[in-house]
Amino acid sequence: MNKNSNNSVESGKEQTVPILDFGSQYVQLIARRVREAGVHAVLVAPDISVSELRAMNPIGLILSGGPASVYEPGAPRCDPKIFDLQIPVLGICYGMQIAAQLLGGQVKPAAAAAEYGATRLQVRHDGAVGTYSDELFTGVPEETGVWMSHGDQVKELGRDFIALAATATCPLAAIRHKTRPFFGVQFHPEVTHTPYGGKILENFLYCVCRAAGSWRMGNFLNIAVDKIRQQVSSGRVLCGLSGGVDSAVVAALLHRAIGEQLTCIFVDNGLLRKNERASVESTFRDHFHIDLRVVDAADEFLSALADVTEPQTKRKIIGKAFIDVFKRASRGIRDARFLAQGTLYPDVIESGQGYAHTAANIKLHHNVGGLPAELGFELVEPLRELFKDEVRRLGEVLGLPEAIVWRHPFPGPGLAVRCIGEITSEKLAILRAADEILLEEIVAAGLYRTTAQSFAVLLPVNSVAVMGDDRGYKPVIALRSVDSTDFMTADWSRIPYDILARISNRIVNEVRSVSRVVYDITSKPPGTIEWE
Ligand code: XMP
């Protein structure tokens, strides 16, 4: 795919701010902040040509940060002619350094140790710097916190630049050019640790670039629909539905774009929660009228899992069985050339992809359901630029039901990693019944949207229960509910006692084969969210 292939779709239709991606971990965060401010942003390669940029008719440009040093051989560069376009440019971190270097300044390693983390910024509101500085820092206090992450600094500027702000160790923490509409900030306005960062970006967009602010999620929808149509033309697209929000939004989006050219496959692996399959069928087949093929593969998965107790082995078996089943199902669909996937931006950046292909590889994925390239499909990944909350907003715009848009994440291996130890259909039935009660009560108490994940776990432990005059010796259910924003860290939810009491009561009374209910009060770290 042409690395600037996004460009043609937007040109002329929407006020656009291209972001030259020098490989920053934060580049999509910049795009997201620009979108949040009501302006369309698109990522482009750092060496995009001036004519390509001009064709996009941009109202401003942003140069992102990046891990390289501008003075190293092979460091990514932009065409210096972009500074002659008379279009406002904001350079962030590496983006400021490359601009300073190309416009006659000098960049060197910071004399003090590299600067990482929160620091204080002194803004020069002295009027001596002319109107442009006030535009960028309008409404920003003279002293404010900013987030730094750099090893190099701009050391010397030619006489054409003005310093706008400084930190204790970085005298040129914000600069502007005297005659060109160029601004640079050494800190990261796009991260939440820079409290006035959103304001500074808004100032750039509205006071400097004179944006109209008409960008909405509905515009993303129209652009995404155009792109999908361009990519697939009259081809048939397969989409594996998992019941989760990402694949649901991809399916609804594709259906909007190409209607009957879409076929969805839903694999019932026998490890789903109660009503999960019915809800997918009613939403996608009955409501959206999508060609949905449900593959009942429960027996295949459960027999492959027989006697397996080790969690990672469970995951591997489930991953492999999923690929086998999906392959077989897809063979039956003639002419399928494309495969749609709900890849989100955090997945892209964590795997070190991106326009500059330089973002460090942060973490390995443990997703099951990823399909190997040998299947031979061309991928359609319309959510690659979005964050989870943006995907949810898009789901709402597409008319997906609230229960799907706001659904808690459910792991690919499903109940297999919540049925601790050996998996049998009897144990799964107990777990499903307890889990359904927990979720019903969480929803009824209005806690579904405030908790990040709430579920039941079936422990491989029996305990004694006295029921009437009978003595029972039956399994234990653990309840797990966590609050989290990124699922990397989590705290256990402070569910009110009376709600816990009702859940426990209902489980021991309604799921007759449970003796005892316990509540997991472990944070992550050290405890993971799932038990296995
Ligand atoms: P942990 O248990 O690692 O979970 O704290 C963090 C998040 O990841 C989900 N999770 C998985 N998702 N396949 C998935 O698709 C898996 O194997 C898997 N394991 C954990 C978990 O539900 C939580 O949202």
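I started with a helix pair: from α10, Glu300, Phe301, Ala304 and Leu305 touch Lys314, Ile317, Ile318, Ala321, Phe322, Asp324, Val325 and Arg328 of α11. Contact here means heavy atoms within 4.5 Å. Sorted by class, this α10–α11 contact holds 8 nonpolar, no polar and 4 charged residues. I counted Ala, Val, Leu, Ile, Met, Phe, Trp, Tyr, Cys and Pro as nonpolar, Asp, Glu, Lys and Arg as charged, and the others, Gly among them, as polar.

A note on the source: this is a predicted model, where local features need pLDDT of at least 70 and side-chain atom pairs count only at pLDDT 80 or more, while totals for chains, interfaces and linings use all residues. Residues are numbered from 1 along each chain as its sequence is written, and side-chain values use heavy atoms, with hydrogens and water left out.

Next I checked the geometry of that pair. Helix α10 (residues 298–305) packs on helix α11 (residues 311–331) at about 150°, with the axes 10 Å apart. That makes α10 roughly antiparallel to α11, a term for angles over 145 degrees. Axes are lines fitted to C-alpha atoms, for helices over the stretch in contact, and angles run from 0 to 180 degrees between N-to-C directions. Helices (H or I, at least four residues) and strands (E, at least two) are DSSP runs, numbered from the N terminus.

Then I turned to the sheet. I found an open sheet of 9 strands with mixed pairing, in the order β2-β1-β3-β4-β11-β10-β9-β6-β7. β2 (40–44) and β7 (143–150) are the edges, each with a single partner strand, so one side of each has no neighbour in the sheet. Strands pair if DSSP finds at least two bridges between them. Within the sheet, β6 (residues 115–123) and β9 (residues 161–166) pair in the antiparallel sense over 2 bridges, and Val123 stands opposite Ala165 in β9. I also saw α6 lying across β1 (16–20), β3, β4 and β11, at about 170° to β4.

Last, the backbone. Most residues other than glycine have a negative phi, and most peptide bonds are trans. Arg210 has a positive phi near 60° and sits in the loop between α6 (197–208) and α7 (217–232). Arg210 is exposed at 58% relative accessible area, exposed being over 50% (1.4 Å probe, protein chains only). Where did I find cis bonds? One joins Lys524 and Pro525, with omega about -10°, and another runs from Pro525 to Pro526, with omega near 5°.

Note on methods: Buried < 20%, exposed > 50% of the residue type's maximum accessible area, 1.4 Å probe, protein only. Parallel < 35°, antiparallel > 145°, perpendicular 65-115°, else oblique.
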